[in-house]
Amino acid sequence: MTAEHYFSTDPDAPMRRSEIEFSVAGRDYRLAVASGVFSAGRLDPGTAVLLRKGGLPGPDTEGTLLDLGCGYGPITCVLATEAPRATVHAIDVNSRARDLTSENAAKLGLAARVRVAAPDDVPGDVRFTEIWSNPPTHVGKAELHALMDRWLPRLAPDGVAWLVINRNLGGDSLHTWLTERGWQVERIASQKGFRVLRVTGKPAVA
């Protein structure tokens with residue numbers, strides 16, 4: 001499976017389904033996965049680091065959260081479970097990924113608070129209290145920067161973004177680039193070759 005398939009709108013790989021199990025914050029998850037979706041064989045190591053080291057929302061968290069590049073929905077399902085008063089938007093260009101996220105959220109009883117959509121289908125007036133992402137670094141630096149430029153400005157004024165980036169695939173250069181764009185960026189953790197970045201301080205519009 002080449003990386004390009006993961007970022008295709010409609011993967012042409014045969015649909016081979018399975019399940020994976022993982023634990024976050026003392027809770028066990030069992031999610032459906034399938035070929036043609038990012039990290040279908042296991043919880044991606046970067047995602048695992050993000051969920052372990054990022055500041056997960058809690059029972060008092062309200063507002064709207066975003067899982068940017070949701071895949072089959074591990075981040076979405078954790079966010080919606082940990083923050084029962086919040087709504088989670090889960091977006092991905094991959095239609096198979098979106099279907100799996102919807103299925104997994106429904107199995108966990110989270111469907112009423114999870115909005116799964118293609119990126120272009122998110123209403124333009126929605127602002128996010130938190131953005132969580134293990135972004136697709138393999139699409140290239142220009143595309144990654146375009147992704148950040150599109151979605152980070154949709155943070156609420158006091159919002160926060162949690163990003164995980166492979167150090168060898170541009171983690172430090174993304175930190176520098178975001179700072180140059182006017183964001184306040186703090187490296188929260190560095191583990192197993194991944195950087196966890198906390199991004200705040202929405203820049204003023206020129």
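Reply: Start with helix H2 (residues 45-53) and helix H3 (residues 74-82), whose axes come within 11 Å and cross at roughly 15°. Axes are lines fitted to C-alpha atoms, for helices over the stretch in contact, and angles run from 0 to 180 degrees between N-to-C directions. Helices here are DSSP runs (H or I, at least four residues), numbered from the N terminus.

This is a predicted model: local features need pLDDT of at least 70, side-chain atom pairs count only at pLDDT 80 or more, and totals for chains, interfaces and linings use all residues. Residues are numbered from 1 along each chain as its sequence is written, and side-chain values use heavy atoms, with hydrogens and water left out.

Now the angle. H2 and H3 are therefore roughly parallel to each other (angles under 35 degrees count as such). Their crossing is right-handed: the near helix is turned clockwise from the far one by less than a right angle.

Next, the contact. Thr47, Leu50 and Leu51 in H2 meet Pro74, Ile75 and Val78 in H3. Contact means heavy atoms within 4.5 Å. By class, the contact of H2 with H3 has five nonpolar, one polar and no charged residues. Ala, Val, Leu, Ile, Met, Phe, Trp, Tyr, Cys and Pro count as nonpolar, Asp, Glu, Lys and Arg as charged, and the others, Gly among them, as polar.

Last, burial. Eight of the nine residues of H3 are buried, so H3 is largely enclosed by the rest of the structure. Buried means under 20% relative accessible area (1.4 Å probe, protein chains only). The buried residues of H3 include Pro74, Ile75 and Val78.

How values were computed
Helices (H or I, at least four residues) and strands (E, at least two) are DSSP runs, numbered from the N terminus. Angles under 35 degrees count as roughly parallel, over 145 as roughly antiparallel, 65 to 115 as roughly perpendicular and the rest as oblique. Buried means under 20% relative accessible area, exposed over 50%, partly exposed in between (1.4 Å probe, protein chains only).
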